2 protein chains.
Amino acid sequence: MAATVVCSSGNVEVVCESVPVTSAKKAPVCVLGTGLIGGSLLRAAVAAGYDAWGYNRSPVGARAARADGFDVTEDLPAALRRAAENDALIVVAVPMPAVDHMLSAIADYAPECALTDVVSVKGPVAAAVREHGLAARYVGGHPMAGTSESGWAATDPALFRDAVWAVGVDQGTRADPWTRVVRLALDCGSVVVPVAAAEHDRAVARISHLPHVLAEALAAAGAIGGDLALGLAAGSFRDGTRVAGTAPDLVRAICEPNSAALLEVLDETLTVLSAARDSLRDKQSLADLVEAGHDARQRYESARRWEITGIRPGDHEWLEDLRTAGERGGVITRLD
Amino acid sequence: MAATVVCSSGNVEVVCESVPVTSAKKAPVCVLGTGLIGGSLLRAAVAAGYDAWGYNRSPVGARAARADGFDVTEDLPAALRRAAENDALIVVAVPMPAVDHMLSAIADYAPECALTDVVSVKGPVAAAVREHGLAARYVGGHPMAGTSESGWAATDPALFRDAVWAVGVDQGTRADPWTRVVRLALDCGSVVVPVAAAEHDRAVARISHLPHVLAEALAAAGAIGGDLALGLAAGSFRDGTRVAGTAPDLVRAICEPNSAALLEVLDETLTVLSAARDSLRDKQSLADLVEAGHDARQRYESARRWEITGIRPGDHEWLEDLRTAGERGGVITRLD
């Protein structure tokens with residue numbers, strides 16, 4: 001099979017000319033953790049025709065999912081034995097601090113299953129997967145979607161529609177589990193960006209973790225201004241602080257495991273902001289910062305995705321080729 | 001007349017019990033500058049039944065306004081003579097760098113008119129007004145509304161609906177022009193926060209100018225990550241950088257005149273971010289920042305406005321009383 005491509009803009013239109021699609025069998029899916037992301041994935045997979053079930057640690061969350069008609073258990077070994085029996089793709093959908101416990105259970109009950117995850121960092125997950133001897137059938141994943149809500153009540157089968165789903169193309173990745181993960185992402189309505197773990201983690205430090213850090217700092221600065229400042233706050237403050245509404249534990253679980261990459265971009269940003277401060281103080285000017293920021297936002301708004309075509313999983317240098325294409329803004333929109 | 005009050009939440013519901021409203025005469029309005037804010041104000045005032053006209057420096061903008069049926073001229077002296085003849089309220093709606101030129105013309109052609117402005121800082125405008133000998137009938141104003149667009153094409157008569165409009169209550173403010181400005185703000189659909197110039201400028205540094213600075217820095221950091229990072233960007237980056245789409249000249253005209261207050265809060269934020277960086281580096285923890293930010297955002301989301309009642313413009317200590325009420329989150333929703 002070969003990944004083909006589409007020219008797609010920001011998050012809008014997809015103009016498509018492509019070879020006929022071979023709709024291969026949808027392998028069963030076992031989702032570990034049915035919070036916002038895992039629960040939405042379970043819903044989306046079922047809606048797309050997958051045989052899918054889940055595990056959730058909290059009985060309250062599991063009951064809520066069952067009440068909505070989904071097959072979610074609090075019995076982790078049972079969920080994993082079923083995965084092993086059905087050759088399911090296992091999706092680890094818990095925050096980073098709980099990943100190790102999941103991997104340990106997978107190693108015990110379903111070590112031969114294809115394995116992916118939807119955790120917000122990839123390097124630390126890959127390292128944990130290696131420690132548990134599960135690397136052979138592992139492919140990292142990260143759907144770039146979410147809200148400031150959490151838990152089953154916030155789940156939405158359309159959460160991944162028109163979203164970008166990062167899928168790992170690290171050295172040693174095998175074609176079969178990779179194809180399964182990509183197919184699931186596509187069937188949930190996303191496009192796939194192929195990316196190696198380290199590059200992923202550096203990129204999300206910039207476009208996901210730094211936004212959280214700055215939103216928290218902005219919210220705090222506003223509140224120091226008291227009722228008057230918060231009462232005068234309008235769109236720029238509201239939008240700039242939106243993600244500060246996310247549960248603190250979740251923000252920490254997202255950002256802290258990526259500390260190396262986040263520290264690098266945080267240092268860089270402190271340098272940029274300090275230079276802006278000096279320029280404002282000495283020359284009453286924010287010109288450099290404002291022009292760089294405006295150019296950057298324009299570049300973001302006008303970015304056009306292009307479809308990766310003709311790279312066949314398993315072919316010579318397919319991983320390197322996909323990695324290069326992903327770095328250049330290419331996306332996979334179908335498997336042929 | 002007395003300002004009365006309503007218990008109003010965030011930007012939603014207004015539960016109102018109040019004495020009968022005296023709908024006093026709507027005095028004519030002359031708007032200088034028909035860009036996003038001034039043009040929207042002209043539209044809103046006309047929609048509310050005011051006799052209103054405008055001046056715009058750019059013939060293109062003036063023609064666009066006339067094509068939409070609004071009375072906008074490129075002849076500043078003519079617009080101001082008409083204001084003087086009709087005892088109009090003059091609204092200065094140009095960016096800070098152009099304010100001095102407007103005030104100079106007002107001093108020449110309409111020095112007796114009631115005068116307000118919609119500029120994003122209040123201290124520097126008040127100082128310029130004093131220099132031109134126009135302080136006696138001046139009352140500062142600042143509607144907390146806008147988009148990242150600019151120019152007549154972006155104008156919207158509903159821009160101020162359910163917005164907050166800061167109106168000056170500095171020492172020496174006279175009751176008559178103050179009442180005119182408040183009435184116009186209310187008739188445009190806003191609620192009024194009474195605030196002294198210096199407090200306004202400190203507050204907007206936190207909730208308007210800092211958001212711009214951080215959005216620019218975030219956008220720049222994202223773009224450094226190239227096509228891959230921008231391609232992976234989702235809601236947190238999109239919302240956190242939205243205002244970086246604003247025209248650079250406009251952002252600078254908004255932020256730079258408030259440099260003293262902005263420098264203070266920028267230094268404070270650099271300290272907060274540096275501490276977060278150190279904590280992440282030394283303890284792998286963002287706990288302090290994330291908890292402070294989350295608490296702050298919760299406070300913002302749950303803030304409840306309350307209606308200021310029983311303060312009569314011109315009464316003993318009315319300005320001090322309104323200032324205190326505004327600092328405590330009070331708003332004016334009607335003039336009785």
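The legends below describe close-up views of a predicted model. In this predicted model local features need pLDDT of at least 70 and side-chain atom pairs count only at pLDDT 80 or more, while totals for chains, interfaces and linings use all residues. Residues are numbered from 1 along each chain as its sequence is written, chains are lettered from A and ligands numbered from 1 in the order in which they are written, and side-chain values use heavy atoms, with hydrogens and water left out.

**View 1. An open sheet of 5 strands in chain B, with parallel pairing.** The strand order is β6-β5-β4-β7-β8, where strands (E, at least two residues) and helices (H or I, at least four) are DSSP runs numbered from the N terminus, and two strands pair if DSSP finds at least two bridges between them. β6 (72–73) and β8 (114–117) of chain B stand at the edges, each with a single partner strand, so one side of each has no neighbour in the sheet. Strand β4 (residues 29–32) and strand β5 (residues 52–55) of chain B are joined in the parallel sense by 4 bridges, and B:Cys30 has B:Trp53 as its bridge partner in β5(B). Helix α1 (residues 36–47) of chain B packs on this sheet and touches β4, β5, β6 and β7 (89–92) of chain B, contact meaning heavy atoms within 4.5 Å. The direction of α1 makes about 165 degrees with that of β5(B); axes are lines fitted to C-alpha atoms, for helices over the stretch in contact, and angles run from 0 to 180 degrees between N-to-C directions.

**View 2. An open sheet of 3 strands in chain B, with mixed pairing.** The order here is β9-β10-β11, and the twist averages 20 degrees from one strand to the next. Strand β10 (residues 164–168) of chain B runs parallel to β11(B), to which 5 bridges join it, and B:Gly168 has B:Val195 as its bridge partner in β11(B). Helix α6 (residues 175–187) of chain B lies across β10 and β11 of chain B, at about 175 degrees to β10(B), whereas helix α7 (residues 197–224) of chain B lies across β9, β10 and β11 of chain B, at about 115 degrees to β11(B).

**View 3. Helices α4 and α5 of chain A where they meet.** The axes of α4 (residues 96–109) and α5 (residues 123–131) of chain A come within 10 Å and cross at roughly 20 degrees. The two helices α4(A) and α5(A) are therefore roughly parallel to each other, a word used for angles under 35 degrees. A:Met96, A:Asp100 and A:Leu103 in α4(A) meet A:Pro124, A:Val125, A:Ala128 and A:Val129 in α5(A).

**View 4. The contact between chain B and chain A.** Each chain is represented in this contact, with 86 residues from chain B and 86 residues from chain A. The area buried between the chains is about 7,800 Å², of which carbon and sulfur atoms give 70%; buried area is the accessible area (1.4 Å probe) that two parts lose on being put together, summed over both. In chain B, the residues B:Leu228, B:Leu232 and B:Tyr300 lose the most area to chain A, together 10% of what that side buries.

**View 5. Helix α7 of chain A and helix α12 of chain B.** The axes of α7 (residues 197–224) of chain A and α12 (residues 287–302) of chain B come within 7 Å and cross at roughly 55 degrees. Among the residues that make this contact are A:Val213 and A:Glu216 of α7(A) and B:Leu289 and B:His294 of α12(B).

Key:
Angles under 35 degrees count as roughly parallel, over 145 as roughly antiparallel, 65 to 115 as roughly perpendicular and the rest as oblique.
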